[in-house]
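Welcome! Have a look at the structure below, and then we will walk through it topic by topic.

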Amino acid sequence: MIYRVLIRVTLYETNSRSGRPRVTDIRSDRWIQRMASNQKMSVREIIRASLLQIAKNTVHRRIIECGYMIHETMGRRFPLSKLHISKRLQWARNHMPYGNKWMAVLFSDEKN
C-alpha cells in the first residue's frame, strides 16, 4: 500500500465537499474578525462596510468562529445619588478656570 502511494504519478487531492459553498473566503473572514475586534464595529456596521452581499447571521458566525471574542454584557451599576451628583458638579465648577492645562488631561470612559 505504501509503495503504491510513493510511486503514484498524480498526487492525491481532497474531494470537494457537498453543500453550499461559503460566501466568504479566509481573507474576508479575517477582515470581519479584525473589524469586530479592533474597530469595535457592530455586525450591521460590518455588513455596510464590506463589499460582499452577506447576511447578518453569516457575519455573526464568522465572529464566533474565531473563538476568542465573546459577547459579554456589562454589570449593572446603581445610578448616582443626589449627593454624588452635587459633588461632581461642584468639582467641575472648581476646575472650570483650569485653562489650557486641560489639554494635558486624558479622559477615559471605561467602566470597571
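Helices (H or I, at least four residues) and strands (E, at least two) are DSSP runs, numbered from the N terminus. By that count the protein has 5 helices and 0 strands, and its pattern along the sequence reads α-α-α-α-α. This is a predicted model, where local features need pLDDT of at least 70 and side-chain atom pairs count only at pLDDT 80 or more, while totals for chains, interfaces and linings use all residues. Residues are numbered from 1 along each chain as its sequence is written, and side-chain values use heavy atoms, leaving out hydrogens and water.

**Overall shape**
- The radius of gyration (taken over C-alpha atoms) is 27 Å, well over the 13 Å that the globule rule (2.2 Å times the number of residues to the power 0.38) gives for 112 residues, so the protein is more spread out than a compact globule.
- Along the principal axes, the C-alpha atoms fill a box of roughly 85 × 30 × 30 Å.
- Of the 112 residues, 15% are buried (buried means under 20% relative accessible area, exposed over 50%, partly exposed in between, with a 1.4 Å probe and protein chains only).

- Where does Arg 62 sit? Arg 62 is part of helix α4, which covers residues 56-65.
- Arg 62 has a relative accessible area of 5%, so it counts as buried.
- A salt bridge (a side-chain nitrogen of Lys or Arg within 4 Å of a carboxyl oxygen of Asp or Glu) pairs Asp 29 with Arg 62 at 3.2 Å, N to O.
- That pair links distant parts of the chain, with Asp 29 in helix α2 and Arg 62 in helix α4, 33 residues apart.
- Asp 29 is buried, as is Arg 62.

- The whole structure holds 4 salt bridges.
- In one of them, Arg 22 pairs with Glu 65, their closest N and O atoms being 3.4 Å apart.
- Arg 22 lies in a loop and Glu 65 in helix α4, so this pair ties together parts that are 43 residues apart in sequence.
- Arg 22 is partly exposed, with a relative accessible area of 48%, and Glu 65 is partly exposed at 45%.
- Arg 62 also meets Glu 65 in a salt bridge of 3.6 Å, N to O.
- Through shared partners, salt bridges join Arg 22, Asp 29, Arg 62 and Glu 65 into one network.

**Near the start of the numbering**
- Leu 6 lies in helix α1, residues 2-7.
- Leu 6 is exposed, with a relative accessible area of 66%.
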